[in-house]
Amino acid sequence: MKLKQYLLTAMSLISFILPAPSKAETPTITYSQGQYLVQAPDWSRITWDNLPPVQQPGYLSIPQNLISLFGYDPSRSWSAGQKVDSVVMLGDADDAFKMSSLSLKSISSIAPSNNKLTLKDFGLMQWQTPASLVKSIPSLGNLSLQKIPPIAALLSRNRVLSGRNISQILRSNPEAGNLPLGKLDLSKYSLNSIPGLTSTPLGKFKSWQQSYINQVPGLNQVPFDKMPQPINSGVGVVGIASVVLGTSERGDARVGNNYFISGSVVRGDKTVPTACAAGKECSYLEMGDFSGSEGALYGKRWASGSSQQVKGGYGFLAAVNSGKEPTGRLVYGSGFKVALTGVNESFGTADFGLFFRICVRPPFMQKTCTPYFIGPVPWLGVKENGLVIVGSGQ
């Protein structure tokens, strides 16, 4: 119970009075269906680096007993205006994009870099150890110290002598094998100073999950459609923005879940439609369907996340942020949730934002995720009688 109470209050500083998002400068392509046009995201030009910044500050502090269970520390804090690639860790979105299967070499083949990179540029190197590197890159074990300058420099500090291969040295000096490379000035060593490093998948390294995306050279330049698991474009399900209705609207007990396409994300990463609570503020976008009144989207409502908070997350981390997230949909897959962040009845417009979450997969246990509460990241808006990319909700 104490742990649950701790997590319930761990995010008490997050406010859900969403600020008006700045205009999203997102690369788009024109998508058409019949007489309708929409500026759809151009995922071949959208990367972690060029996503708009997060609009609200926040933090997550994980207690030590959970850090021991998880095997790494997903705690972090962020500021309003901070770039997404410095807030999201590899472990948060790996199920969505399979980034752990990339290596520095495969990343550079997609997003070439002319920079002379060092071990310092590869953020997760700071907590690698000689022992963890041999586990990640087994071929290192057969090499002499002279072949691996950073490990040689680290072990020499402990007066470990050379003359045998790395595996033999570590067996007879287990304490030295657990020294973190962060004790060195890693800027003095090139990526090639550790043989096989650049061709090793990210997921092989110790605690790879806690590396921020911008700590992996070039990863924030990889377009979302070039990820090992490419993003879902969402255009498989598209509706019409019929009308937007503002904050004077209230939830109605007679308008149940089946009238909504926005809602909670549950285990299995599926959107479960959730109606607005009776009598509570409920601004929303009402949908139309290409098939007319017989269509599946006709008359459905996408409620505003500024009006409605819903249950989110699952597992240990579900209690974070009081267990709440803005109502919305998984339009492009589970990497982020799309929420309606505001409507303007006078202009007939609706604004959207992206929300991210923190996920951990403890050893031999099911994945656990916080609600989607990191955001909003300004996204593409719509006008009445325009198209709305809805996606499958998964």
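1. The largest cavity in this predicted model holds about 30 Å³ of space. The count of cavities of 30 Å³ or more comes to 1.

2. Which residues line the largest cavity? They are Val 88, Asp 92, Ala 93, Gly 335, Phe 356 and Arg 357. Sorted by class, that lining has 3 nonpolar, 1 polar and 2 charged residues.

3. Asp 92, one of the lining residues, sits in the loop between strand E4 (76-78) and helix H3 (94-97). Asp 92 counts as buried because its relative accessible area is 7%, and the cut-off for buried is under 20%.

4. What does Asp 92 touch, leaving aside its neighbours within four places in sequence? Its contacts are Arg 76, Val 87, Arg 357, Ile 358 and Cys 359.

5. For a sense of distance, take Lys 280, which is 188 residues from Asp 92 along the chain. The C-alpha atoms of the two are separated by 32 Å.

6. Not counting residues up to four places away in sequence, Thr 129 touches Gly 177, Asn 178, Leu 179, Pro 180, Leu 181 and Lys 206. With Gly 177 there is also a polar contact: its backbone oxygen lies 3.3 Å from a polar atom of the Thr 129 side chain.

Note on methods
Residues numbered from 1 in each chain as written. Predicted model: local features only at pLDDT ≥ 70, side-chain atom pairs only at ≥ 80, totals over all residues. Heavy atoms only, no water. Helix = DSSP H or I, 4+ residues; strand = E, 2+ residues; numbered from the N terminus. Buried < 20%, exposed > 50% of the residue type's maximum accessible area, 1.4 Å probe, protein only. Contact = heavy atoms within 4.5 Å. 1 Å grid on protein atoms, 1.4 Å probe; cavity = no way out; pocket = protein on both sides within 12 Å on 5 of 7 lines; lining within 4 Å. Points joined across faces, edges and corners; volume = space filled by probe spheres on them. Nonpolar A, V, L, I, M, F, W, Y, C, P; charged D, E, K, R; others polar. Polar contact = N/O pair within 3.5 Å; in protein donor to acceptor, adjacent residues only side chain to side chain.
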